[in-house]
Amino acid sequence: MKTRTLLMPSLWAAAVMTISCNVFAADEPIQPIRPVQQINLAQVELGKKLYFDPRLSKSGFISCNSCHNLSMGGTDNLKTSIGHNWQEGPINSPTVLNSSLNVAQFWDGRAADLKAQAGGPIANPGEMAASHTLAIDVLTSIPQYVTEFKQVFGQDQITIDEVTQAIAEFEKTLVTPNSRFDQWLLGDKDAITATELAGYNLFKTSGCIACHNGSAVGGNSFQKMGVVEPYKTMSTAEGVAGLTGKDADRFKFKVPTLRNVALTYPYFHDGAARTLAEAVDIMGRLQLGKKFTKEENAKIVAFLKALTGDQPAFLLPILPPSTDQTPPPKPFG
Ligand code: HEC
Ligand code: HEC
C-alpha cells in the first residue's frame with residue numbers, strides 16, 4: 001500500500017497524504033480518475049477543431065461529435081449509430097470519455113490506441129465515408145488549417161498521420177475526474193450516500209468488480225458476454241472472434257468503462273438495454289448467475305450513477321471557413 005502511494009506523482013501523493021483515510025482508498029479495486037497531465041496543448045487545440053469538423057466526412061455533415069457528442073456523455077444515445085446516407089450502424093457507439101484509459105479501442109479491440117482508431121471512421125463508408133485523400137484535400141484547401149498544421153507539426157504538407165495524432169491528443173483531455181465516488185475514494189466519506197455505498201459493496205461482493213475495475217471501472221480486459229447464460233441478440237457482431245476467427249473468442253467484447261454510465265445509455269454492444277436497471281439485471285444473471293432483488297438492483301444503479309465525473313469543459317471551436325478550392329460536400333448518395 002505504502003509503495004503505491006509513493007509511486008503516485010507528487011501532486012497526487014500530496015493530495016492523498018492530507019487525507020486521513022488514504023489507506024482505505026488505496027486498497028480499493030477502483031482508482032480515481034486523474035486529471036490529464038503532459039499534454040501537447042497546440043495539438044489539443046487543433047485536434048479539437050478536427051473533432052468537431054464535419055468536412056472530414058463526405059457529406060460535410062458528420063463529425064466525430066455527431067456520434068460521440070460531448071454534450072451527451074461522448075455518445076449519440078442511440079442503439080446503433082447513424083452513418084453516411086442515414087445508414088443504420090452495426091454497433092453501439094462507445095463513449096470517447098476516458099477512452100485514453102482503454103487497453104485498446106473498439107468493442108473488439110482492433111485498434112491499438114486512439115491514434116490508430118481515429119483514421120478509421122473518416123474512411124469508413126458506413127460512418128463518415130470520406131477517404132483520407134479527400135479529408136487531406138479539404139484541409140489543404142483551407143489556409144487557416146495549413147498555417148495551424150505547420151505551426152503545430154512544423155511541416156508544409158498536411159498528412160493523415162498529423163490529423164489522427166492531433167485528434168488523439170484532444171481525446172486524451174476527455175477524462176472525467178472528480179465524480180462523487182472518486183471524492184469518496186480520496187477520503188471524503190460524505191461524498192456518497194449510504195445507498196450508493198451499499199451498492200458499491202454489492203458490486204464488489206457479487207463479482208461485478210472482477211471485470212469492471214481499475215480507474216475506468218472497465219476498459220482493461222476482454223470478456224465473454226454471457227458467461228453463465230448465453231446472450232440473445234439480433235446483432236451480428238461477434239466480438240474478438242471477428243478478428244481471430246477463434247470460436248473461444250465469440251461474443252468476447254472489451255468490458256466497457258462504467259464511468260459516466262448514467263449518461264451513456266442505451267447499453268451493450270447492440271444497445272439493447274435501455275435502462276441501467278435492465279443492464280444491471282442482465283449482467284447479474286448472464287455474467288454471475290445472480291438474480292438481484294429490486295432493492296439490490298436499485299442500490300447498484302445508485303452506485304453507478306455516482307460515477308459521473310466532471311464533463312470536459314471548453315469553448316466550442318470556431319472552424320475556419322471553406323474556400324472556393326474546397327471540394328464541395330456530397331450529402332446525398
Ligand atoms: C457514424 C458514427 C460515428 C462517427 C462519425 C465516429 N464514430 Fe467513433 N465510434 C462509432 C462506433 C459505432 C464505434 C464502435 C465501433 C466498433 O467497436 O466496432 C466507435 C468507436 C470509437 C472509439 C473507441 C472507443 C472504445 O471504447 O473502444 C473512439 C475512441 C472513437 N470512436 C472516436 C472517434 C473519432 C475520433 C471520430 C472522428 C474522427 C469518430 N469516432 C467518428 C461511431 C462513430
Ligand atoms: C465476466 C465479466 C463481467 C462481469 C462479471 C460483469 N460484467 Fe458488466 N460487462 C461485461 C462486458 C463484456 C460488457 C459488454 C457486453 C456487451 O456489450 O455485449 C459489460 C457491460 C456492462 C454494462 C453496460 C455498459 C455499456 O456502456 O454498455 C453495465 C452497466 C455493466 N456491465 C454492469 C455490470 C454489473 C453491475 C455487474 C455485476 C452485476 C457486471 N457488469 C458484471 C463484463 C462483465
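A nonpolar core is a set of buried Ala, Val, Leu, Ile, Met, Phe, Trp, Tyr and Cys residues joined through C-beta atoms within 7 Å. Keep that in mind for the first stop. The model on your screen is predicted.

**Stop 1: the cores**

Select Val280, Ile300, Leu304 and Leu307. These residues have the most contacts inside the largest nonpolar core, which has 28 residues. Now colour helix 10 (180-185), helix 11, helix 13 and helix 14 (294-305). Each of these helices supplies at least two residues of this core. In soluble globular proteins, nonpolar side chains tend to be buried together.

Stay on Leu307. What does Leu307 touch, leaving out residues up to four places away in sequence? Show Ser179, Phe181, Val217, Leu258, Arg259, Asn260 and Val261: Leu307 touches each of them.

Next, select Tyr51, Leu139, Ile142 and Phe170. They are included in a second, separate core of 25 residues.

**Stop 2: ligand 2**

Centre the view on ligand 2. How many residues surround ligand 2? There are 26, and Cys208, Cys211, Tyr267, Phe268 and Met283 are the closest. Show helix 11 (194-206) and helix 13 (276-288), the elements that give two or more residues to this shell. Helix 13 makes the largest share, with six residues. Colour the shell of ligand 2 by class. You get 18 nonpolar residues, eight polar and no charged.

**Stop 3: ligand 1**

Move to ligand 1. The shell here has 26 residues, and Cys64, Cys67, Phe106, Trp107 and Pro121 come nearest. Two or more residues come from each of helix 5 (64-67) and helix 6. Which helix gives the largest share of the shell around ligand 1? Helix 6 does, with five residues. Colour by class again. The shell of ligand 1 holds 14 nonpolar, 10 polar and two charged residues.

**Stop 4: two crossing helices**

The crossing is right-handed.

Where do they meet? On helix 6, pick Leu114, Lys115, Ala118 and Gly119. On helix 9, pick Ile160, Thr164, Gln165, Ile167, Ala168 and Glu171. By class, this contact has five nonpolar, three polar and two charged residues.

Conventions: Residues are numbered from 1 along each chain as its sequence is written. Chains are lettered from A and ligands numbered from 1 in the order in which they are written. This is a predicted model: local features need pLDDT of at least 70, side-chain atom pairs count only at pLDDT 80 or more; totals for chains, interfaces and linings use all residues. A residue is near a molecule or strand if its C-beta atom, placed from the backbone, lies within 6 Å of it. Helices (H or I, at least four residues) and strands (E, at least two) are DSSP runs, numbered from the N terminus. Ala, Val, Leu, Ile, Met, Phe, Trp, Tyr, Cys and Pro count as nonpolar, Asp, Glu, Lys and Arg as charged, and the others, Gly among them, as polar. A crossing is left-handed if the near helix is turned anticlockwise from the far one by less than a right angle, and right-handed if clockwise. Two residues are in contact if their C-beta atoms, placed from the backbone, lie within 7 Å. A residue is buried if 20 or more other C-beta atoms lie within 10 Å of its own, exposed if 12 or fewer, and partly exposed in between; C-beta atoms are placed from the backbone.
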